[in-house]
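Welcome! Take a look at it first, then read on.

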Amino acid sequence: MKTEYEKMIASEFYRPADPELRKLVQRSRDFQYRVNAEQDNSKRNALIKEWFGSTGEHLHMEQQVLCDYGVNIHVGEYFYANFNCTLLDVCPITIGDNAMLGPNCQLLTPLHPLAPTERNSGIEYGAPITIGDNFWAGGGVTILPGVTLGDNVVVGAGSVVTKSFGDNVVLAGNPARVIKEIEIKE
């Protein structure tokens, strides 16, 4: 039988009040407090490396990093996040190398049942977010559950990404749509 954590990261219905999950949330809140209070960049980055599921060697996140668990976040080499980054990681959030997130970006994996009886029962579920290499999100970008973005994707400020897109595109709007193809020169 699966644990509630195993159900959660598999995008199945789970109960967030489960004691194992509450311990993981408390661990994350402890890291969140320490990371956001730390003024020394190298110490803050070391805490993030300990908090997250995996990171590249080179990363930097400005203060106000917010997430549910931390252990479900995986970022590659040369990851940068500006102020007020929210990563709700009930399902895995995986980001490739050379990614930049502008201020106030949100990557949100949680989902809730639409039917009020199910929603009020306390069950939840989610869908992972996967982003390729060379990603850039402008300020205030929101990426919703289940989105996969390819390599070399740019998302314009204030956009809401509701569906998946492939490589080499510029997205903008709400909902985000392709506004330009990126020509890659070898």
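Of the 186 residues of the protein chain, 45% count as buried. Please keep in mind that this is a predicted model. The chain holds 4 helices and 18 strands. Its radius of gyration is 17 Å, close to the 16 Å that the globule rule gives for 186 residues, so the chain is as compact as a globular protein of that length.

**Overall form and surface**

- Along the principal axes, the C-alpha atoms fill a box of roughly 50 × 40 × 25 Å.
- Among contacts with a separation of 6 or more, 28% are between residues 24 or more positions apart.
- The protein chain exposes about 9,200 Å², and carbon and sulfur atoms supply 53% of that area.

**Charges**

- You will find 16 positive and 23 negative side chains here, and the centres of the two sets lie 6 Å apart.
- The count of salt bridges comes to 3.

**The salt bridges one by one**

- Glu12 and Lys2 pair up at 2.5 Å, N to O. Glu12 sits in the loop between helix H1 (4-9) and helix H2 (19-37), while Lys2 belongs to the segment before H1, 10 residues apart. Glu12 is partly exposed, with a relative accessible area of 30%, and Lys2 is partly exposed at 39%.
- Glu4 and Lys7 meet at 2.8 Å, N to O. Both lie in helix H1, 3 residues apart, about one turn of the helix, and both are buried.
- Lys49 and Glu57 meet at 3.3 Å, N to O. Lys49 is partly exposed, with a relative accessible area of 30%, whereas Glu57 counts as exposed at 53% relative accessibility.

Technical notes. Residues numbered from 1 in each chain as written. Predicted model: local features only at pLDDT ≥ 70, side-chain atom pairs only at ≥ 80, totals over all residues. Heavy atoms only, no water. Helix = DSSP H or I, 4+ residues; strand = E, 2+ residues; numbered from the N terminus. Rg over C-alpha atoms; globule rule 2.2 N^0.38 Å. Buried < 20%, exposed > 50% of the residue type's maximum accessible area, 1.4 Å probe, protein only. Contact = heavy atoms within 4.5 Å. Areas by Shrake-Rupley, 256 points an atom, 1.4 Å probe, with all protein chains shown as cover. Lys, Arg positive; Asp, Glu negative; His and termini not counted. Charge placed at Lys NZ, Arg CZ, Asp CG, Glu CD. Salt bridge = Lys/Arg side-chain N within 4 Å of Asp/Glu carboxyl O.
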